[in-house]
Amino acid sequence: MKRIFLIGYMGAGKTTVGKVLSRQLGLSFVDLDHYIEGRYHKTVGQLFAEKGEEAFREIERRMLREVAAFENVLISTGGGTPCFFDNMEFMNGTGQTVYLKVSVWELAKRLELCKSTRPVLKGRSGDELKNFIAESLEKREPFYLKAEIVFDVEEMLTDQDVHKISQELVTRL
């Protein structure tokens, strides 16, 4: 039985890499945010807005444990998932954890393109976006670095890059 958790900041490529990697490993793929949205019939942004962060993080914690009961699965977590409760210790105890590491500069470049779909980033651009990411990443990275594998995914521009990253990860898992 295999269980892999991909962690990292939003825009790191957890879902993109996860879909390819899960196929290569013959595992089911679960995006935790999409799983939550399917169960609650609301977007993560709506849940955050309606219930507040504390209640959302409790939902996320329960759903993480639910999907972690699946066998032969690769789970792409939300960017904040490892940073609350004992989630990081739980993931390390029930499977392999992989931190997809990306620089602030590259994250800002990636997130600039999709900030309209990420409520926390709306209205931020340029230096303000970089500063927000840098501050947030500084708080989260101590949790991310508890991962069993830290893997640099700075170069991820094409499908070929994603397949190369995935193939390299297969050899490390």
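Me: Which residues of α3 meet α2?
Reply: On the α2 side, the contact (heavy atoms within 4.5 Å) involves Leu32, Asp33, Tyr35, Ile36, Glu37, Arg39 and Tyr40. Both helices are DSSP runs of H or I with at least four residues, numbered from the N terminus. Their partners in α3 are Val44, Leu47, Phe56, Ile59, Glu60, Arg62, Met63, Leu64, Glu66 and Val67.

Me: How many residues of this contact are charged?
Reply: Ala, Val, Leu, Ile, Met, Phe, Trp, Tyr, Cys and Pro count as nonpolar, Asp, Glu, Lys and Arg as charged, and the others, Gly among them, as polar. The contact of α2 with α3 holds 11 nonpolar residues and no polar ones, and its charged residues number 6.
The model is predicted: local features need pLDDT of at least 70 and side-chain atom pairs pLDDT 80 or more, while totals for chains, interfaces and linings use all residues. Residues are numbered from 1 along each chain as its sequence is written, and side-chain values use heavy atoms, leaving out hydrogens and water.

Me: How are α2 and α3 oriented to each other?
Reply: The axes, lines fitted to C-alpha atoms over the stretch in contact with angles from 0 to 180 degrees between N-to-C directions, come within 10 Å for α2 (residues 32–40) and α3 (residues 44–67). They cross at roughly 110°. Angles under 35 degrees count as roughly parallel, over 145 as roughly antiparallel, 65 to 115 as roughly perpendicular and the rest as oblique. The two helices are therefore roughly perpendicular.

Me: Is glutamate 60 buried or exposed?
Reply: Glutamate 60 lies in helix α3 and touches Leu32, Ile36, Gly78, Gly80 and Thr81, leaving aside residues up to four places away in sequence. Buried means under 20% relative accessible area, exposed over 50%, and partly exposed in between (1.4 Å probe, protein chains only). Because its relative accessibility is 1%, glutamate 60 counts as buried.

Me: What separates the C-alpha atoms of phenylalanine 29 and tyrosine 9?
Reply: Phenylalanine 29 sits in strand β2 (residues 28–31), a strand being a DSSP run of E with at least two residues. With 25% relative accessibility, phenylalanine 29 counts as partly exposed. Tyrosine 9 is 20 residues away along the chain, and the C-alpha separation is 19 Å.
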